[in-house]
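Open your viewer and bring up the cartoon together with the side chains.

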Amino acid sequence: DYNNVNPLILKTTNGGASWMNQSQELTGAFYSMSFPQNSQVGYITGYPGKIYKTTNGGTNWVSQLSGSSAQFYSIEFPENEQTGVVVGTFGNYMRTSNGGVNWTSYSVPDPNNNFMYSVSFSNSNTGYCASTNGKVLKTILSGNVWEIVYNDTNNSFESVSFPTNDTGYVCGNSGVVIKTNNGGISWIQLN
């Protein structure tokens, strides 16, 4: 029962020499956090449909109403502390443009078989998702529309990172790592 899990959120202010518990009275299982552009405003997400926000560096966390019971695996605020996305089970992709006050769901290809574990935006419009069914999804419209840019049914992808608009990495089970140098047009396997 995930509602009875006592999550642990830790904070350091000295480069990891010591850590402070910031968990308070939170419940649920948490998988991802994002602190966009400043160390005071941040978000965590998990299950079931949990999204919390802090405006004081993690001292207090306030629940955001996602309207979903999905298991959210990844959260990112690529533009600022107002505009962010979460991804999770069964193709759940949600977006906020008002700091989490409201979350809007968007469709992704093959939602019933698409557990999205990770999301990464290379700029405010272009983002990528790694999914368990061997797909890498891309949006150039801030998540309003998604397309499949890579499909490998032999692998399950767990994480995606796009440090630049063109260069991105995706990794998954069995140690597979793929890379693109052209924004997802073509991919090479690194191992």
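## A hairpin to begin with

Select β8 and β9: these strands form a hairpin with 4 residues between them, and in the turn phenylalanine 90 has a positive phi of about 50°. Strands here are DSSP runs (E, at least two residues), numbered from the N terminus. This is a predicted model, in which local features need pLDDT of at least 70 and side-chain atom pairs count only at pLDDT 80 or more, while totals for chains, interfaces and linings use all residues. Residues are numbered from 1 along each chain as its sequence is written, and side-chain values use heavy atoms, leaving out hydrogens and water.

Now colour β9 (residues 93–96), which runs antiparallel to β8 and is joined to it by 4 bridges; two strands pair if DSSP finds at least two bridges between them. Look for valine 86 opposite methionine 94 of β9.

Glutamate 76 has valine 85 in β8 as its bridge partner.

## On to alanine 130

Finally, select alanine 130 and display its contacts (heavy atoms within 4.5 Å). Beyond four places in sequence, alanine 130 touches residues including Phe115, Tyr117, Phe157 and Val170.
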